[in-house]
Amino acid sequence: TVSVLNWGADGRFLFCLLMAPPMPGLLAAALCAVVRSAELHGPAAVPPGWRPTGGRAAPGEVFHNVMLGLKRGNAAVLQELVAEVSDPRGARYQQYPSYEEMGRLARPAAQHTAVVKAWLAAHGVAPAAEHPHGDYMKVSATAAQLEALAGGEVLEFEHEASGERVYRAVDGVQVPDDVAEALDTMTGFTSFPPMGGVRAVGTPPCAVTPPVVRSTYNVTAPARTGGNNATKNIQAIAQFQGQYVSDKALAAFCQKFDPSSGTCAIAKYVGDSNVPGTGGLESMLDTEYIVPVSFRHETWVYTY
């Protein structure tokens with residue numbers, strides 16, 4: 001038995017099973033079905049400095065960090081809840097739901113989870129990890145499986161300055177209609193890694209320091225006692241694709257540009273491992289300002 005996929009310009013693909021004849025002399029049989037598809041993600045932009053080599057990923061090339069984001073349940077309720085607990089004028093200000101309560105609210109519909117798992121299984125793929133709330137799955141898949149799942153070729157690209165080569169699918173992600181209704185995102189094989197980290201460029205004058213930001217926007221120190229006070233809050237940044245935080249660089253920035261804020265540090269890292277020796281431009285810019293501007297408020301970093 002051989003399966004064949006042919007994509008059409010009208011957003012449909014033809015799925016066929018070619019079955020060998022049970023006895024010599026009989027004709028082979030073909031069972032075909034037209035399956036409608038939907039665009040989950042549009043074509044990905046190839047960043048400057050990258051070029052296609054003309055090569056293609058070998059069918060067995062494995063991608064270990066393909067992330068599937070399922071549509072969360074109760075989206076309208078969650079949006080209203082975020083607004084209520086974030087409004088200092090509201091009765092529910094800072095009355096945050098627990099981790100377990102958020103899980104019950106955000107958990108995707110059971111039907112959506114079943115559809116996604118059945119779709120993966122039909123291509124020989126199983127979730128390697130699932131978030132406790134059920135809204136994310138991590139899978140490992142070969143290039144051949146990814147091409148069948150996402151409906152496009154996995155091509156080779158080279159970074160012209162460094163010579164680094166990667167395999168990426170840039171023609172968009174197409175999935176069956178029922179899968180598109182269950183998924184928000186499918187990532188891990190379409191975007192390109194950032195090249196280069198933070199580089200030392202001397203010590204030019206810094207006109208916009210944390211004290212300047214606090215003064216401009218009238219940011220005052222949070223109350224430390226009482227009922228609804230700011231000390232209950234936790235702030236966070238999320239970093240992706242090799243954007244990491246250097247604790248050493250963060251502490252040095254605060255000491256230089258806002259020594260009155262004391263020692264700046266990240267309270268907790270969540271998700272994949274942070275690589276402190278390779279601070280990223282965007283991630284360091286985020287942390288070097290939100291930590292001291294908030295008077296060293298408790299800060300978490302999410303890494304994916």
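Me: How many of the eight residues of helix H4 are buried?
Reply: In this predicted model, helix H4 spans residues 143-150 and is largely enclosed by the rest of the structure. Ala143, Gln145, Leu146, Glu147, Leu149 and Ala150 are the buried ones.

Me: What covers the buried residues of H4?
Reply: The cover includes both strands and helices. Helix H3 (110-122) takes part, as do strand S5 (62-70), strand S7 (136-142) and strand S10 (173-176). Also included are S4 and S11.

Me: Are the rings of Trp50 and Phe192 stacked, edge-to-face or tilted?
Reply: The structure holds five aromatic pairs, and Trp50 with Phe192 is one of them, with ring centres 5.3 Å apart. Planes under 30 degrees apart would count as stacked and over 60 as edge-to-face. The planes here stand at 50°, so the pair is tilted.

Me: How many residues apart in sequence are the parts that the pair of Trp50 and Phe192 ties together?
Reply: Trp50 lies in strand S4 (residues 50-56). Phe192 lies in the loop between strand S11 (183-187) and helix H6 (210-216). The pair therefore ties together parts whose separation in sequence is 142 residues.

Me: Which residues form one aromatic cluster with Trp50?
Reply: The ring of Trp50 pairs with that of Phe192 at 5.3 Å between centres. The cluster also takes in a further ring, and its members beside Trp50 are Phe157 and Phe192.

Me: Why are Phe253 and Phe257 separated by about one helical turn?
Reply: An α-helix has 3.6 residues a turn, so residues three or four places apart point the same way. Phe253 and Phe257 both belong to helix H7 (residues 247-257). Their separation is about one helical turn because they are four residues apart in H7.

Me: What is the distance between the ring centres of Phe253 and Phe257?
Reply: Phe253 is buried at 11% relative accessibility, whereas Phe257 is partly exposed at 22%. Their planes stand at 50°, so the pair is tilted. The ring centres lie apart by 4.9 Å.

Me: Which residue has its charged end over the ring of Phe257?
Reply: The ring of Phe257 pairs with that of Phe253. A charged end also sits over the ring of Phe257, 5.6 Å from its centre, and it belongs to Lys256.

Me: Over the face of which residue does Lys268 lie?
Reply: Lys268 falls within strand S13 (268-271). It lies at 4.4 Å from the centre of a ring, and that ring belongs to Trp300.

Me: Which are the edge strands of the open sheet?
Reply: Three strands form this sheet in the order S12-S14-S13, with parallel pairing. An edge strand here pairs on one side only. The edge strands are S12 (235-239) and S13 (268-271).

Me: Over how many bridges do S12 and S14 pair?
Reply: Strand S14 covers residues 299-303 and runs in the parallel sense to S12. Gln235 stands opposite Thr299 in S14. The number of bridges over which S12 and S14 pair is five.

Me: At what angle does helix H8 run to S12?
Reply: Helix H8 (residues 281-293) lies across S12 and S14. Its direction relative to S12 is about 175°.

Me: Which network of salt bridges includes Arg51 and Glu158?
Reply: The count of salt bridges comes to ten, and in one of them the side chains of Arg51 and Glu158 meet at 2.6 Å, N to O. This pair links strand S4 with strand S8 (residues 155-159), the two residues being 107 apart. Arg51 is partly exposed at 33%, while Glu158 is buried at 14%. The network consists of Arg51, Glu156, Glu158 and Arg165.

Me: With which residue does Asp258 form a salt bridge?
Reply: Asp258 lies in the loop between H7 and S13, and its partner lies in helix H6, 44 residues apart. Both residues are buried. The closest N and O atoms are 3.0 Å apart, and the partner is Arg214.

Key: Residues are numbered from 1 along each chain as its sequence is written. This is a predicted model: local features need pLDDT of at least 70, side-chain atom pairs count only at pLDDT 80 or more; totals for chains, interfaces and linings use all residues. Side-chain values use heavy atoms; hydrogens and water are left out. Rings of Phe, Tyr and Trp (its six-membered ring) pair if their centres lie within 6.5 Å; planes under 30 degrees apart count as stacked, over 60 as edge-to-face and the rest as tilted. Buried means under 20% relative accessible area, exposed over 50%, partly exposed in between (1.4 Å probe, protein chains only). A charge sits over a ring if NZ of Lys or CZ of Arg is within 6 Å of the ring centre and within 35 degrees of the ring normal. Two strands pair if DSSP finds at least two bridges between them. Contact means heavy atoms within 4.5 Å. Axes are lines fitted to C-alpha atoms, for helices over the stretch in contact, and angles run from 0 to 180 degrees between N-to-C directions. A salt bridge is a side-chain nitrogen of Lys or Arg within 4 Å of a carboxyl oxygen of Asp or Glu.
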